[in-house]
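Subject: Handing over the structure

Dear colleague,

Here is the structure that I promised to pass on to you. Please open it beside this message, and then read on for what was found in it.

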Amino acid sequence: MTPIRVLFRRFASLFRKRRLDAELEEELRAHIELAAEEYRMQGLSPEEARRMALRAFGGVTQTHEQYRMERGLPLIESIWHDIAFGVRQLRKNPGFTLIAAISLALAIGANTTIFSVAKQVLYDRLSVPQSAELRLLRWNGDSNIVLHQMWGDFDPTTDGGMTGSVFSYPVFQQLKNHNSVMQDLFAFKEDSMNATVRGNAQRVVVAMVSGNYYAGLKVRPQTGRAIQLSDDSVPGAGAVAVISDGLWERQFSRSPSALGQTIKVNGALLTIIGVNPKGFTGAKNVQMSPDLFVPLTMQPLIDPKGKQGALLDDQNLSWLNVMGRLRPDVSETKAQAALEAQLQAAIRSTMTLQAGDTTPRLVLADGNRGLHFADGIFKKPVYVLLTLTGLVLLLACANIANLLLARGAQRQREMSVRLALGAKRSRILRQMLTESLLLAVLGGVGGLMLAYFARNAIPGLATYSWEHAAANMPFDWGVFAFCSVVTLLTGTLFGLAPAWMAAHTAVSSSLKESAQCTTRRKGIGGKSIVAFQIALSMLLVVGAGLFVRTMMGLNAVDIGFNPDHLILFEIQPPAARYAGTKDVVRLHDQLKQRIQVLPGVESVSLAQTAYIADNMDNMDFLPEGESFAQDSRQGKPDAELFNVVGLNFFKTMEIPMVAGSSFGAQDTATSPKVAIINQALARKRFPGTNPIGKRFKADRNAASPWIQIVGICANTHYASLLTAPPAQFFLPYVQESDVRGMVYQVRTRTSPAALAPALRHVVQSIDPDLPIVDLRTQREQIDATLQVQRALAALAASFGLLALALACVGIYGVMAYSVVQRTSEIGIRLALGAPPVQVRCMVLRESTWIAGVGIVAGLASALVLTRLVRSMLFGIGPYDPVTMASCTVLLLAIALAASWLPARRAARIEPMEALRHE
């Protein structure tokens, strides 16, 4: 006989023995129950009948125990027996098992889903080897820092200074050439550009990288080669590109023939030399990857900026992010001190310091997650969601624990028999915990499946509706480990109390037909758990109410213009093809005229900045007769928000004119410069006077032209709905000296889907390499700025509804069980003349008392915890009385509704049936 067959027979024999053990124990219990019933029929009391039955089967019991001891069952087989018995118990109660498994699956699935999002957004590292070695170069400075011109990552600090991570190209070159403490220093910069790939004009994200970028990150393309130092040695010589895995799949179907093909980026032809590995997102962040990676020295050709176009020689503009790896033999403190000295020398040798200017102080920051830009946006919302899902999980545990307590009361006689047969209390404790863990495993498997299919739903809430790129949240072993740990902790949490009470069942009292003291003790425990459930539900519902009311308040904000039937899209003419302002203006005029005559189009206008898009521009504003006030901290002149718009912008946006006139055909590039201000700016800069006809300058240069105010418009929100409408002024783009990309506003009677093909045809007919960027409606644009608030409101509302459902099940379960246990008492009350209404009110009063205790505890907790989300609310405070009152009424109504059926059932009990049962 082969070893495999021997092993198979041993497993089969072991399985049969386990089954025989289980069948023997079940048969023994059944014989004891039958014997006890026969003794009761002979007139013995239930306790005496049970004692006689156990004595009659003592020999069998002893034989069975001796058999098990002689076999010497190993621990693993004993545990397997517990699992098999637990599975049979769950199969005998399919309703209970289904409710418990679904509740746990929803709670565990919600926690796993939010964790998978939090893991990528806040904790995942760059997909590069030894990412912990990476360090990002940052700087800190005061209000007089010499870095006046910046493009990229910089923010004000709480002490009035500045912090950022951008450096000029000359400074980077000096840092790199004089570096002695890092393995190497490499630079990168990401920007959006126009690209034509296989005849398709589209907007892509391009990463301009130094020649040692791939070597510094220790990344190799999955096919082809990486960008090298030779590609980045001479400006404009390295006309090559490495594409992302996503672009390779979308445009080339992962064909190797992509290598060697050319693509056009802002008019420049680049040759594809490689494809990045899947999962590589570059050095900026871990969420998304640029489509193209090109040599940094291609910047003057593909992304010219400023008057000269080339930023490689610009000593004043800071725009590059710089990163490197620590050398193993150099401490971080020593490296930062050496780089600090090199930075000071580089700035003083490349920039001219004026009196009062200060130099920045270099800081080495952790670079394993890139620029960490997602932390400031998503950190607090993600932690709020993790807290909410944790409360939901705790609520589900309380609900299952309550159901197990009620179920455990029904199994008291079973536990008494097991104890009477000689089972140890630790054995019963282990058996009950095994059943709880089996329930948790069922919920964990369901939760893992739910999280797997729903993992992209939450990132979808933060994706613009006009973007079709599917979110791809990784579902790796870290997520699986989290789900497994949560499952085990959950099973232990909700199973420990029922298992402890089952293991400490009193044998003598539990063998009686009626065990009132034990029943009452367990009923009180169940009611305490229900009160705890109500408190958690109150906390969740209050949080959901606050976020929902915030969303309602934002939706009710008057934005100052009509967003309906308004289509937006952007045109970004590349500077390489449209070098002068006249060429750009001519292009925009031509596009505007072509679009104006399309069927269904009512009006067309342009703006430099889209409204309610989390973006805004400001410019100097000096009314005639005043002088620029030098701000003591910033050292900059007074400035106001502004927008460069088309001549019929106010008509298209339906912004009312309060005084004066709008722009017209008389306003041309050669006519006197004009402007329109809003009411907020009129009150701010011209209090008590009529600003119509007054002039101002938008530049502190003495030779700059005067601009005359010709009209006043109504106030509108600009960048966001979260702040009041700001003061702002408007300039016609035909009179500007530097016009580039513009946002088109098209008011139409047709749907965006119907008009989109015609719009694309118009643009392609004028320039085949010019893509339409971000075609969307104004409503979609507004919704995009409210994604975080909308996602919080939707998820909090979902968790609140789940909490209400679990609380409803908990109240119903404990009240129904209470009615069953008090059947005799209720029967006596009815027999003595108590009306059914009184019995019904008694049950409802008990449930109301339980709910009231939970609501008070939940309100007290809410008053403490809602202060933490004060900054995330709009239009209401954390102690909003409407929300608190509404949630209180809702939970009371849920409690009464859940206890109505048990109360009605109690009122319909027949007294004689209840007394006969007793």
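Two residues are said to be in contact when they have heavy atoms within 4.5 Å. Of the contacts in the protein chain with a separation of 6 or more, 80% are between residues 24 or more positions apart. Please bear in mind that this is a predicted model, in which local features need pLDDT of at least 70 and side-chain atom pairs count only at pLDDT 80 or more, while totals for chains, interfaces and linings use all residues. Residues are numbered from 1 along each chain as its sequence is written, and side-chain values use heavy atoms, with hydrogens and water left out.

The protein chain has 27 helices and 26 strands, where helices (H or I, at least four residues) and strands (E, at least two) are DSSP runs numbered from the N terminus. Buried residues make up 51% of its 918 residues; buried means under 20% relative accessible area, exposed means over 50%, and partly exposed lies in between, with a 1.4 Å probe and protein chains only.

Now to the cores. A nonpolar core is a set of buried Ala, Val, Leu, Ile, Met, Phe, Trp, Tyr and Cys residues joined through side-chain atoms within 4.5 Å. The largest one has 109 residues, and those with the most contacts inside it are F494, F547, F649 and F730. Not counting residues up to four places away in sequence, F547 touches V384, L792, A793, A796, V869, M872 and L873. A second, separate core has 56 residues, including M182 and L339.

Next come the helix pairs, for which axes are lines fitted to C-alpha atoms over the stretch in contact, and angles run from 0 to 180 degrees between N-to-C directions. Helix α25 (residues 836–865) packs against helix α26 (residues 881–907) at an angle of about 150 degrees, with axes 8 Å apart. That makes α25 roughly antiparallel to α26; angles over 145 degrees count as roughly antiparallel, under 35 as roughly parallel, 65 to 115 as roughly perpendicular, and the rest as oblique. Helix α6 (residues 169–177) and helix α10 (residues 332–350) pack at about 135 degrees, with their axes 9 Å apart, which makes α6 oblique to α10. In this pair P170, V171, Q174 and L175 of α6 meet residues of α10 that include L339, Q342 and L343. By class, the contact of α6 with α10 has seven nonpolar, four polar and no charged residues, where Ala, Val, Leu, Ile, Met, Phe, Trp, Tyr, Cys and Pro count as nonpolar, Asp, Glu, Lys and Arg as charged, and the others, Gly among them, as polar.

A226 is found in the loop between β7 (223–224) and β8 (240–243), and is buried, with a relative accessible area of 14%. A226 and I273 are 47 residues apart in sequence, yet 7.2 Å apart in space, C-alpha to C-alpha. S253, in the loop between α8 (245–252) and β9 (262–265), has a positive phi near 50 degrees in a residue other than glycine, and is exposed at 61% relative accessible area. D774 is not a glycine either, and has a positive phi of about 55 degrees; D774 sits in strand β26 (residues 773–777) and counts as partly exposed, at 31% relative accessibility.

With best wishes
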